[in-house]
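Please keep the sequence and the 3D view side by side while you read.

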Amino acid sequence: MNQPEKQDSPNKIKHLIGVMSGKGGVGKSTVTYLTALALKQKGYKVGILDADITGASIPRIMHLPKYEMKVAGDFICPVETGQELKVMSISFLVDNEEQPVIWRGPLLSKAIQQFWGEVLWGQLDFLVIDMPPGTSDVAITVMQSLPLNGFVYVTTPQDLVSVVVARSIQMADLLKIPALGLVENMSYFICPHCGQATNFYGQSKTEQLAKQSGTELIVQIPVSIELARMPSEGLKTESPVVAEVLDKLGKFLSQKFK
């Protein structure tokens, strides 16, 4: 059962959104960042909790350098970025980002609970959670320990990914956590020379999956140079592709939680 915040906690967080796929390598962390930034651009106070402890990639995707973590009383202070997003990731607590986190399930679950209850998030409208892939005990810990309002699911046009995502949706449904919507990543490729779109995975079935799950397709994200180079060059929000994705995510979620 989801645990509410303690009455004396300095953290006042209105909404928790999980970003989940059930499978690694589909762009879940990228969508987490884009979701948080889209909400920030709508005027909300937003944080990101990187719950993918063994595969943390939020700091690299957000182009964040190494930080020396600060403590305020009994709480760890999250990193506050130039985009006014508060971020917490295990990558900030290890010597270097290539250092593996070789922990078993109970330690991973404990770390996630600490990132929720022992980080000084303050007042937020949204905390966006980058979920660990799969349907393991770590994912279950997040679902049972944090008062999630729903999941944004990340998929690609491949049949295999759709099956795995459908499995994750059913798992969350059993735990009474609703599906907010689906994001299809790598939907098509835009040629940088002629601008033509190519569906190299074939016909997408994401809209069908959304209907079966009682939700909807929020946005289709193409493979683009701007997004592919984001970890090394930073996010170019002026890019038409990025701007459209941020606009659709922001409008959809602000409508859901208005």
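Begin with helix H5, residues 159-174, whose 16 residues should span 22 Å at 1.5 Å a residue, and whose end C-alpha atoms are 23 Å apart, which agrees. The expected span of a helix is 1.5 Å times one less than its number of residues, and helices (H or I, at least four residues) and strands (E, at least two) are DSSP runs, numbered from the N terminus. What you are looking at is a predicted model, in which local features need pLDDT of at least 70 and side-chain atom pairs count only at pLDDT 80 or more, while totals for chains, interfaces and linings use all residues. Residues are numbered from 1 along each chain as its sequence is written, and side-chain values use heavy atoms, with hydrogens and water left out.

Which residues of H5 are buried? They are Val161, Ser162, Val164, Val165, Ala166, Ser168, Ile169, Met171 and Ala172, where buried means under 20% relative accessible area, exposed means over 50%, and partly exposed lies in between (1.4 Å probe, protein chains only). These buried residues pack against strand S1 (12-20), helix H4 (137-145), S8, strand S9 (179-184) and helix H6 (206-212). Just after H5, Lys176 takes a positive phi of about 65 degrees.

Thr155 is found in strand S8, residues 150-155, and it counts as buried because its relative accessible area is 0%. Not counting residues up to four places away in sequence, Thr155 touches Val161, Ser162, Val165, Leu182, Val183, Glu184, Asn185 and Thr206, a contact being heavy atoms within 4.5 Å. Ser21 sits in the loop between S1 and H1, and its relative accessibility is 0%, so Ser21 is buried. Apart from its neighbours within four places in sequence, Ser21 is in contact with Val26, Lys28, Val154, Val164, Val165 and Ser168.

H1 is mostly covered, since 13 of its 14 residues are buried. After H1 comes Gly43, whose phi is positive, near 100 degrees.

Now move to helix H9, residues 240-256, which holds Val241. Is Val241 buried or exposed? With a relative accessible area of 16%, Val241 is buried, and, leaving aside neighbours within four places in sequence, Val241 is in contact with Ile190, Pro222 and Ser224. Val241 and Arg60 are 181 residues apart in sequence and 21 Å apart in space, C-alpha to C-alpha.

Finally, step back to the whole protein, whose secondary structure comes to nine helices and twelve strands. For 258 residues, a compact globule would have a radius of gyration near 18 Å, and the protein has 18 Å, which agrees; this radius is taken over C-alpha atoms, and the globule rule is 2.2 Å times the number of residues to the power 0.38. Of the 258 residues, 50% count as buried, and residues 24 or more positions apart account for 78% of the contacts with a separation of 6 or more.
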